[in-house]
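I am opening a notebook on a structure that is new to me. I note what I look up, entry by entry, and I begin with the sequence and the fold as shown.

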Amino acid sequence: MASNPMGKYCVTVSSSLVLAVLVALTVQVFYFSPIDPVLLDIKPATSSTKNNHLQNLIKLGEGFLKQPEDVCVDKEGTMYTATRDGWIKRLRRNEINWENWKHIENSSLLGITTAKDGGLIVCDTNKGLLKVTEDGFSVLTSQVNGSQLRFADDVIEASDGNIYFSVGSTKFDLHNWYLDVLEARPHGQLLKYNPISNETVVILDNLGFANGVALSKQEDYLLVCESWKFRCLRHWLKGANKGKTDIFIENLPGGPDNINLAPDGSFWIALLQMTSEGLGFVHTSKISKHLVASFPRLINLVNGVTKSASVVNVANDGKIIKKFDDKNGKVITFVTSAMVFEDHLYLGSLTSNFVGKLPLHMA
């Protein structure tokens with residue numbers, strides 16, 4: 001049988017092309033990878049409790065609120081939220097329509113809290129920590145240890161005027177936050193801003209994506225959530241343990257986002273589904289992590305935050321009291337905050353166009 005030189009040539013060219021593609025892919029994944037990963041072997045607890053109570057929520061401001069990440073209420077009962085269109089929006093007590101209050105011109109406003117002397121304190125991932133009042137806004141602090149603040153995440157003010165806030169990651173910004181999860185190296189921080197001395201100091205460093213912060217009812221300790229470690233730390237501010245840090249709750253059934261003190265002294269924590277079902281193996285392989293981190297579509301596939309919603313109520317002894325879900329994300333997903341006001345639970349979300357309101361007596 002006669003040989004086919006053209007066929008051999010085509011095979012050679014095809015093999016060379018495949019090899020070139022594989023080399024290019026390898027260079028792209030490993031040499032240009034945006035992460036330097038380690039394995040993430042801390043897994044959240046599995047929970048069989050799927051009650052779908054969050055599907056019973058009432059939608060406030062539907063269509064007017066673009067991805068309201070956090071919610072707070074002032075002493076007059078006015079509710080505030082920061083949206084992705086750069087607005088601080090508010091809902092006055094007994095009103096049904098939200099109004100535009102102050103415009104910051106930034107789509108990256110996150111945690112907000114009421115200030116003791118009026119107005120709000122707002123986390124701006126670009127500018128730093130802001131004070132927002134009827135007169136406008138000003139930057140409280142934008143640097144720590146001589147470096148620009150980036151990714152201010154959540155904030156709370158103590159009765160003595162000190163302001164505690166988290167930095168999600170010192171390496172990755174808000175729009176690339178999942179790279180911090182994939183890398184699994186601790187880049188988060190817990191900071192304190194003293195308005196009298198105008199100083200910002202680091203209280204805790206090397207946190208696993210520092211997220212929500214909350215003070216206890218007596219303000220004797222401060223809680224900070226570590227999202228990809230599925231736990232919340234407790235830093236003591238008073239008493240015999242002052243200055244010490246321990247674990248408040250761990251092995252949560254989801255990555256903790258914002259945390260808020262409830263009137264009864266317990267805490268409400270929004271939980272994130274950090275990984276899509278069936279794709280947890282990605283976090284156990286450096287090769288998989290590099291591959292996913294190099295392609296945004298793969299990140300969206302692995303990231304599970306848009307698949308469901310979950311919140312837990314945790315007692316001051318670190319024990320879970322209640323857990324509410326929307327297990328399939330039928331009504332709400334990516335819940336980032338849960339706050340109690342007048343026997344209702346109010347929910348913020350980075351995928352919704354409303355603030356959720358859930359009557360607690362019906363849940």
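In which loop is Ala 184 found? I find Ala 184 in the loop between helix H2 (177-183) and strand E14 (188-194), where helices (H or I, at least four residues) and strands (E, at least two) are DSSP runs numbered from the N terminus.

Before going further I note that this is a predicted model, in which local features need pLDDT of at least 70 and side-chain atom pairs count only at pLDDT 80 or more, while totals for chains, interfaces and linings use all residues. Residues are numbered from 1 along each chain as its sequence is written, and side-chain values use heavy atoms, with hydrogens and water left out.

**Entry: two residues with positive phi**

I looked up the backbone of Ala 184 and read a positive phi of about 60 degrees, although Ala 184 is not a glycine. Ala 184 counts as buried because its relative accessible area is 7%; buried means under 20% relative accessible area, exposed over 50% and partly exposed in between, with a 1.4 Å probe and protein chains only. I then turned to Phe 334, which is not a glycine either and has a positive phi of about 50 degrees. Phe 334 lies in the loop between E23 and E24, and with a relative accessible area of 10% it is buried.

**Entry: the largest pocket**

I looked up the largest pocket and noted about 870 Å³ of space in it. On a 1 Å grid over the protein atoms alone, a pocket is an open set of points with protein on both sides within 12 Å along at least five of seven lines, whereas a cavity is a set where a 1.4 Å probe fits but cannot get out; lining residues have an atom within 4 Å of a point. Grid points are joined across faces, edges and corners, and the volume is the space filled by probe spheres set on the points.

Of the 37 residues that line this pocket, Val 73, Thr 113, Thr 114, Lys 116 and Ile 156 are the closest to its centre. The elements that give two or more residues to the lining are strands E2 (71-73), E6 (109-114), E12 (152-157), E16 (210-215), E20 (255-261) and E24 (335-341). The largest share, four residues, comes from E12. I sorted the lining into 19 nonpolar, seven polar and 11 charged residues, where Ala, Val, Leu, Ile, Met, Phe, Trp, Tyr, Cys and Pro count as nonpolar, Asp, Glu, Lys and Arg as charged, and the others, Gly among them, as polar.

**Entry: aromatic rings**

How many aromatic pairs does a search of the whole structure find? I noted 10 aromatic pairs, taking rings of Phe, Tyr and Trp (its six-membered ring) as paired if their centres lie within 6.5 Å, with planes under 30 degrees apart called stacked, over 60 edge-to-face and the rest tilted. Tyr 221 and Phe 267 form a tilted pair, 6.5 Å centre to centre with 45 degrees between the planes. This pair links distant parts of the chain, since Tyr 221 is in strand E17 (residues 221-226) and Phe 267 in strand E21 (residues 267-272), 46 residues apart. Both Tyr 221 and Phe 267 are buried.

Another tilted pair joins Phe 341 and Tyr 346, at 6.5 Å centre to centre and 50 degrees between the planes. Phe 341 counts as buried at 18% relative accessibility, and Tyr 346 is buried with a relative accessible area of 8%. I also found that ring pairs link Phe 151, Trp 177, Tyr 178 and Phe 209 into a cluster.

The charged end of Arg 234 sits over the ring of Tyr 221, 5.6 Å from its centre; the criterion is NZ of Lys or CZ of Arg within 6 Å of the ring centre and within 35 degrees of the ring normal. Lys 89 lies over the face of Phe 64, at 3.8 Å from the ring centre.

I placed Asp 325 in strand E23 (residues 320-326), and at 1% relative accessibility Asp 325 counts as buried. The side chains of Asp 325 and Lys 323 are joined by a polar contact of 2.6 Å, that is, a pair of N or O atoms within 3.5 Å; within protein, one must be able to donate a hydrogen and the other to accept it, and residues adjacent in sequence count only if both atoms are side-chain atoms. Although Asp 325 and Lys 50 are 275 residues apart along the chain, their C-alpha atoms are separated by 6.0 Å.

His 290 is found in helix H3 and counts as buried at 12% relative accessibility. The side chain of His 290 makes a polar contact of 2.8 Å with the side chain of Ser 33.
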